[in-house]
Structures are given as structure tokens and as C-alpha cells.
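Please open the model in your viewer and keep the sequence beside it, and follow the stops below in order.

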Amino acid sequence: MKVLSITLSSKLSSFLRRKLVKAVEEFSNKIEAEENLIILPKKEKAEFGTFLCSSSIIAGKHIGRTYYEGLIFSTSRRFEKEAEITAKELLLEPKEYRVEVDVNGAGTLKLPGFRLENGILILYILPKYIFEFSQENLTLATQEDYVQITFSPLEYGFRGEVSLSLNKAKEVRVLLKGNKAEEFLFWDNESGSFTYNFIDEPLVIISHEKLITPKEFARSLGKVSIISGHGEFGIVGEMVLPLKKEVMESINLTVTF
């Protein structure tokens, strides 16, 4: 099981934040993570429940479709308590989760876990997915262009086969869309295939309720953007035509535990 310590990659602006970062880093070094168990250095009182975090941009520098440094984010965080325990060992029970982070850093987190009295969070992901498509094929067509995308589920994601015959159209795009983010799955003018995997290894996330953000979560995984978890998603096919509006069709993807 992989343990991630999430603090802040940017320059800390206050003594309090530096203190919280130090507390998270020290705590991360003291815990032990087994298959479905977290062993704490001592017995702690903890709340069990779901951590919800949402971040959106309220200002920033925008050139074309790209956001640059200097962004200002509005971030809300809350922990929904389901139970309270006092223990040294915390059992990680499989639960649904969802993470969405767009390339600009905005997004949402919905993660199960524990909150200690000092505000330290022990969140986790135990990956298990059942992928169901509203239909197996997505078709885009004009009088001179034709595209068919066929989907099939995998253990941790799904695969798409793209067959196309383009005359007037410039290219075909396939996107995975959540509520707050989107990911390009395919972008080409020739037939091909793509694979998209959700998080595929058990994770334990250590942070503090005042520090964690969707952007820092994605960064800790070595990603700029990410869509993963359970619930409803959209898969959109776009046929790009010169001097005309794109031809678009979509299907729904339902991911259950």
C-alpha cells in the first residue's frame, strides 16, 4: 500500500502553515500501513467518515486555453463524520470515492477516512470498479465522414477502439468528462485505440484539513489532471469539421463498487 503525504508545494506564507506541514510530515513517518490497516504510534481519538474538498478559480492569468502561475483558488473543506472511535489501529473498509482535478488545478475530492483531533487526515482509496456503458458503441457521422468508437471494460479502467473514415473532417476527439474536470482520451485523424485507467493501487493519504487541495492531490500522484472513482461520468466524441461546428455525441459511463 502506497502512502502519500500531501502538504503544499508552493511557498508557505505563515508560521501556522509551516507548523502544520511539519506535523503532517512527522506523523507520516511514524505510521505503519498494511493491507487494510493503519497502525498509529499511539492510541488516538478519531472520527470516521468522508472528507469533501472543492476548489475553483476566482482569479488568475489566462492566455488562450492555458492558466499560469498567479492563480487564486477558492477552496472549501469539510469532514462528514459517521462514527467516532479511540484506537491505535484503524481498519480501512472499502468505500466509494471520487476525485476530479482539471488541468488548471480546480476540482473536487470525496475520500473516505479518519480525522484526528489535531486536524490530521488519514484518507484512503481501495480500488475496485465495475464499469458499465449506456451503450457499447458511439457513432459520429456526416454525409462524407464516419466514426465508430467501441468501448470495453478493464479491471481498473476501459479501452476504446476508434474506427474512422474522414474526408471533410480534420480529426476526431474523445473525452472523459466529470462534473469538474475532463480528460482527453483520443485525438487523431486516423483509426486507433486508447486505454484509460482509474487509480489502480491502494493508497493512504496523509494530510491536514487546512492543507489538502485537489491540485496538491494530483501533484502527489505525479499528475496535472485526473478523473477517477465512482458515480456517473460522460464520454464525448467530437468530429472536428473545418469552418463548421463540431459533430458531437456522448454516452454515459457508470462506475460502481
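How many helices and strands are there in the chain? The chain holds 2 helices and 20 strands, where helices (H or I, at least four residues) and strands (E, at least two) are DSSP runs numbered from the N terminus. This is a predicted model, in which local features need pLDDT of at least 70 and side-chain atom pairs count only at pLDDT 80 or more, while totals for chains, interfaces and linings use all residues. Residues are numbered from 1 along each chain as its sequence is written, and side-chain values use heavy atoms, with hydrogens and water left out.

Next, select Glu34, which sits in the loop between strand 2 (32-33) and strand 3 (37-59). With a relative accessible area of 42%, Glu34 is partly exposed.

Then move to Lys81, in strand 6 (residues 72-91), which counts as partly exposed at 48% relative accessibility. Apart from its neighbours within four places in sequence, Lys81 is in contact (heavy atoms within 4.5 Å) with Glu47, Phe48 and Gly49.

Conventions: Buried < 20%, exposed > 50% of the residue type's maximum accessible area, 1.4 Å probe, protein only.
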